[in-house]
Amino acid sequence: MDKLRQRAAALLADGTVTLVIGYEEGTNKPRPIFCHTAEEAEKLIYSSHCIHNLAVYLTKKELMGTGKVAITATIPALRSILQLAIENQLNEENLLVITVTDKEEVKEFANFAEIEAYIADFQLKLEGKEQEIIDKLEGMSREERFKFWMEEMSHCFKCYACRAACPLCYCTKCIVEENRPQWINPWAAPLANMEWQINRAMHMAGRCTGCGACGDACPVGIPIHLLTRKMMEDLAPEFGFTPGQPSKNGNALSTWKADDKENFIR
Amino acid sequence: METKYISKNGLNEWFSQIVKSGKRVYAPVKEREQVEFKKVQALSEVADEYIQTTQSIKSAVFPRAEVLFSYEKESGKVNVEDFNPDTVKETVLWKIHPCDAAGFKPLTAIFNWDYKDKLYNAHLEKTTLVTFSCAKADKSCFCTSVNGGPGNTAGSDVQLTMLPDGGAIVEILTPKGEALVQLAASAFENDKEEDKSKYLADVPQMFDVEAIKAKLATAFDSPVWKEQSERCLGCGACAFVCPTCACFDIQEDAHGSKGKRIRCWDSCGFSLFTKHTSGHNPRAVQSQRWRQRILHKFSYMPDRLSVLGCTGCGRCSRACPVDMNILEHLTSIAKK
Amino acid sequence: MSEQNIYLPYLMTIDKITNEAPGVKTFKLKFQNEEEANAFNFKAGQFGEYSAFGEGESTFCIASAPTRKGYIECTFRETGKVTSGLADLEEGSTMGFRGPFGNTFPMDEWKGKSLVFIAGGIALPPMRCVIQNALDLRENFKDITIVYGAKSVNDLVYKDELKEWADRPDVNLVTTVDPGGETPDWKGEIGFVPSIVDKTAPSPENTIAIVCGPPIMIKFTFPVLEKLGFKDNQIYTTLENRMKCGVGKCGRCNVGKLYVCKDGPVFSKEQLNNIPAEEY
Amino acid sequence: MNNNNSEFEPKIVAFVCNWCTYAGADLTGTSRLKYATNVKIVRFPCTGRIDFMLLLKAFAQGADGVIVSGCHPNDCHYTSGNFHARRRWITFRGLLDFMGIDIRRIQYSWVSAAEGAKWADIVNTTVANIRELGPYTEYQKVAEYLDKEEYNG
């Protein structure tokens with residue numbers, strides 16, 4: 001941790017970067033912090049409890065300013081950064097990506113290619129709890145699944161924390177704010193909530209990097225991250241992707257193959 | 001005001017009489033690792049071991065989505081069907097906290113500011129508030145800093161303070177509360193003159209709200225808003241769990257010739273909340289929106305409506321995905 | 001009488017539709033219920049929520065004068081979901097109206113003074129209500145000057161009324177269009193509103209200036225008026241913040257601690273000095 | 001399963017592309033082939049334009065089944081619209097199934113301008129299948145949520 005603080009303080013002190021986005025101690029668990037000075041860098045921490053995907057801030061212009069920004073990225077954040085880079089949302093010149101390795105070494109990435117090489121060693125796996133819910137759902141009848149999700153969706157009050165916490169939800173005007181046509185009813189009701197989640201998942205198809213930030217952010221505890229997570233597991237073999245390894249060959253829905261499955265089409 | 005005692009069995013009897021009377025009863029229920037207010041039928045459904053429900057109970061008087069009126073178009077003409085207050089059911093809010101009851105005062109101030117809101121009032125009139133004083137609190141709680149307290153009776157119709165024997169001290173505070181007690185009058189016994197304060201949680205006062213108000217009067221251009229809001233993601237979680245946030249949107253649910261006009265929750269934290277048709281947005285960045293949230297609750301509302309827009313329930317701090325702890329932010333403003 | 005539902009609109013019949021400019025229409029509206037019509041009263045400057053059933057509500061000022069009874073008018077530009085829904089309506093069809101809301105221009109205080117109206121583009125409607133009102137009570141006021149500008153000749157609204165005002169000897173009307181917006185036979189001024197105000201140079205002596213227009217126009221007109229000697233309490237404008245309820249509840253139109261829907265939409269420059277400029 | 005199958009007439013919405021299926025359906029008519037009248041056809045330029053939300057909206061508004069149909073692979077008027085659509089359908093089907101929405105009620109097909117008989121067959125078998133499944137009240141019920149007590153006090 002000291003190494004990270006020292007490095008961040010040095011970067012800020014010598015003007016290499018104008019901002020370091022990292023983690024500090026929060027009320028119950030670590031939370032994001034924006035360090036503008038070397039003194040503030042003293043608050044930085046890094047541990048397995050740091051779960052926020054800080055990549056979410058990289059597309060917010062008013063926070064990033066015009067100078068170079070350093071970010072301490074966890075593995076899920078690195079995946080998001082890579083996906084954002086593929087979608088041309090990041091400026092390589094103005095970003096210094098830092099991570100802390102298992103051996104507590106501070107690692108700085110010179111470019112996005114290095115990130116790609118680094119995360120290739122980390123396989124994205126479903127966590128025990130996620131697998132448990134997916135197994136439970138797959139064991140259900142269709143009617144039971146519908147009931148499960150409708151019950152879950154009835155809790156949603158449309159705070160859009162899922163959207164706000166997702167690094168890849170960076171549209172300045174979201175589909176739910178469009179009203180001509182108004183695809184998704186803006187009020188909170190189970191159907192409108194489900195339609196919103198279906199849209200979110202579809203817009204994430206092949207882009208989601210499986211960080212789970214949406215599910216973590218949900219204040220009413222709906223396991224919405226499973227929608228995109230399950231989709232990833234299903235689509236990966238179908239379309240030849242590896243979950244958690246952003247593909248440079250376009251995302252699932254912007255590309256196609258002549259021999260894509262069509263056994264469900266008459 | 002009258003104080004009585006009710007035994008554990010008496011409590012069961014009273015509760016079943018309330019349900020039997022046909023009133024809807026909303027109470028905290030533990031489900032999916034969350035405690036939320038739900039419609040209940042039996043006392044056994046009511047949650048026990050928890051500090052605070054995730055959401056406030058404001059939805060009882062200000063639903064997430066509500067039909068203001070409905071209409072039908074017929075060859076150029078429109079027939080309108082007004083909201084009918086008779087459709088609103090008598091409701092009992094069981095085991096809400098004193099901070100929940102306190103939340104109704106600012107809501108009423110907003111919804112009845114000059115123009116009386118018929119829908120809100122219809123709900124409120126038919127709602128009876130049964131608060132349970134708080135025996136426990138956590139570090140997000142700060143009711144004592146905003147003129148409240150774990151045994152505060154303001155706003156409640158009846159307040160219960162649970163006793164170790166499973167019974168409770170019953171403070172009957174309003175005619176509505178009295179009427180609720182009358183549903184099972186024999187279940188109540190004479191006051192045992194227990195000292196209520198012995199059973200209340202210790203919630204230390206963290207700041208002087210008057211001092212904060214004074215500071216905020218000149219804080220509009222302060223750098224504090226940007227400093228505090230940098231990590232804010234701009235979601236609406238804080239507003240939607242808040243017992244006093246009342247911002248709403250008016251929307252249309254139209255199908256062919258029929259339709260409904262709907263009021264639904266909205267939040268000043270959303271980026272498009274204030275955006276003009278012209279494209280100009282007076283609150284274009286998150287720091288401005290965070291400022292609005294704090295100033296509205298702690299400066300504008302006291303100024304304009306003579307009521308504080310915060311009850312210290314701490315829900316926003318607990319619900320925030322990035323730990324925008326309001327208590328911490330307020331104490332830091334107080335110290336500046 | 002039982003409590004009224006403040007969100008329930010009056011039902012109005014569209015009596016007449018006037019196409020003012022590309023995408024800009026004026027509706028003349030009559031109450032369908034006679035009792036409501038008779039009980040209805042408003043003052044210059046107030047606004048309402050106009051609804052197209054099936055689309056929603058939109059906020060505009062009442063563009064006709066309270067001195068002209070039996071109807072109200074609104075003028076709007078087709079921009080979003082609701083205004084397009086309204087624009088699709090035909091004469092004779094039904095729409096909704098809630099109002100009047102907000103404060104008013106203090107016309108009683110202005111008695112015996114000269115009035116200078118300065119408007120740009122689609123902002124003439126909020127002012128037209130005051131102009132009509134002042135012309136109907138012409139003897140109450142001294143000189144009346146109107147400076148009105150739009151992007152192009154085509155974009156000028158209330159063309160018939162402009163002609164009427166131009167013909168009146170007791171009104172000094174100056175119309176202008178942005179450079180490039182003129183037609184070959186354009187007889188008015190060419191230039192932006194602030195510079196035309198400067199050129200017209202109304203005297204600040206016992207005069208009230210009323211300025212309505214896009215924020216950028218207002219921003220550049222205030223210094224011109226100041227230069228001409230107008231004090232802050234002689235200048236009035238309206239704020240056009242986003243609104244939904246119109247009655248101080250939905251929380252959208254806060255500018256500092258003021259609510260545009262209740263404390264406004266009419267503000268003197270003196271009042272504006274005390275509220276944060278970035279919020280409008 | 002619905003006990004009143006004999007009385008139940010499924011409401012079906014077909015979203016079809018202009019160049020192949022719509023022309024194919026036209027041919028069904030001009031060939032005087034008889035087929036079920038339960039289908040309301042909505043014409044789109046291309047299957048690539050058929051937003052997945054249209055399907056959900058159809059169900060919410062009371063459709064019991066949906067047909068989505070366009071040009072055969074390699075026949076798309078815009079070269080690859082149907083290939084993109086096919087990917088979207090694969091993705092969408094998986095998601096809907098995971099959420100418990102009845103994907104048996106969505107029939108995808110390729111019907112060319114020359115396949116009038118195939119169109120008639122698609123419609124007839126879809127109508128028969130949906131008739132067997134019964135009305136999609138499960139979905140429509142949640143669409144009427146605002147009318148319920150919970151939402152107005």
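Chain B gives 44 residues and chain C gives 36 residues to the contact between them, where two residues are in contact if their C-beta atoms, placed from the backbone, lie within 7 Å. Several elements of chain B each supply at least two residues to the side that touches chain C, among them β4 (65–74), β5 (77–82) and α9 (286–305). Helices (H or I, at least four residues) and strands (E, at least two) are DSSP runs, numbered from the N terminus. By class, this side of chain B holds 20 nonpolar, eleven polar and 13 charged residues. Here Ala, Val, Leu, Ile, Met, Phe, Trp, Tyr, Cys and Pro count as nonpolar, Asp, Glu, Lys and Arg as charged, and the others, Gly among them, as polar.

Please keep in mind that this is a predicted model, in which local features need pLDDT of at least 70, side-chain atom pairs count only at pLDDT 80 or more, and totals for chains, interfaces and linings use all residues. Residues are numbered from 1 along each chain as its sequence is written, while chains are lettered from A and ligands numbered from 1 in the order in which they are written.

How do the chains meet? Five pairs of chains are in contact, and chains B and C share the most contacts of these. Chain C and chain D, in contrast, do not touch, and their nearest C-alpha atoms are 15 Å apart.

**Domains in chains A and C**

Two chains can be described by their domains, whose bounds come from an automatic or database domain assignment. Chain A has domain 1 (2–119) and domain 2 (128–239). Their centres, taken over C-alpha atoms, are separated by 27 Å. Eleven residues of domain 1 of chain A and ten residues of domain 2 of chain A take part in their contact. On the domain 1 side there are five nonpolar, five polar and one charged residues.

Chain C is split into domain 1 (10–101) and domain 2 (114–238). Here the C-alpha centres lie 24 Å apart. Each of the two domains of chain C puts 16 residues into the contact. On the side of domain 1 of chain C, β1 (10–21) and β5 (72–77) each supply at least two residues. That side has nine nonpolar, four polar and three charged residues.

Now let us look inside domain 1 of chain C.

| Strand | Partner | Sense | Bridges |
|---|---|---|---|
| β3(C) | β4(C), residues 56–61 | antiparallel | six |
| β3(C) | β6(C), residues 94–101 | antiparallel | four |
| β1(D) | β2(D), residues 39–44 | parallel | six |
| β1(D) | β3(D), residues 65–70 | parallel | five |

F47(C) stands opposite C61(C) in β4(C) and opposite F101(C) in β6(C). The hairpin of β3(C) and β4(C) has three residues between the strands, and G54(C) takes a positive phi near 105° there.

**A covered strand in chain D**

Strand β1 (residues 12–17) of chain D is largely enclosed by the rest of the structure, because six of its six residues are buried. I12(D), A14(D) and V16(D) point one way from β1(D), whereas V13(D), F15(D) and C17(D) point the other way. C17(D) stands opposite F44(D) in β2(D). From β1(D) the chain crosses through helix α1 (residues 21–30) to β2(D) in a right-handed β-α-β crossover; right-handed says that, with the strands pointing away from the viewer, the path from the first strand over the helix to the second runs clockwise. V13(D) stands opposite V66(D) in β3(D).

**A helix in chain A**

Helix α10 (residues 225–239) of chain A has 15 residues and reaches 21 Å from its first C-alpha to its last, close to the expected 21 Å; the expected span is 1.5 Å times one less than the number of residues. Its buried residues include H225(A), L226(A), L235(A) and F239(A). Among the elements that cover the buried residues of α10(A) are α5 (128–138) of chain A and α3 (81–98) of chain D. After α10(A) comes G240(A), whose phi is positive, near 75°.

How values were computed
Two strands pair if DSSP finds at least two bridges between them. A residue is buried if 20 or more other C-beta atoms lie within 10 Å of its own, exposed if 12 or fewer, and partly exposed in between; C-beta atoms are placed from the backbone.
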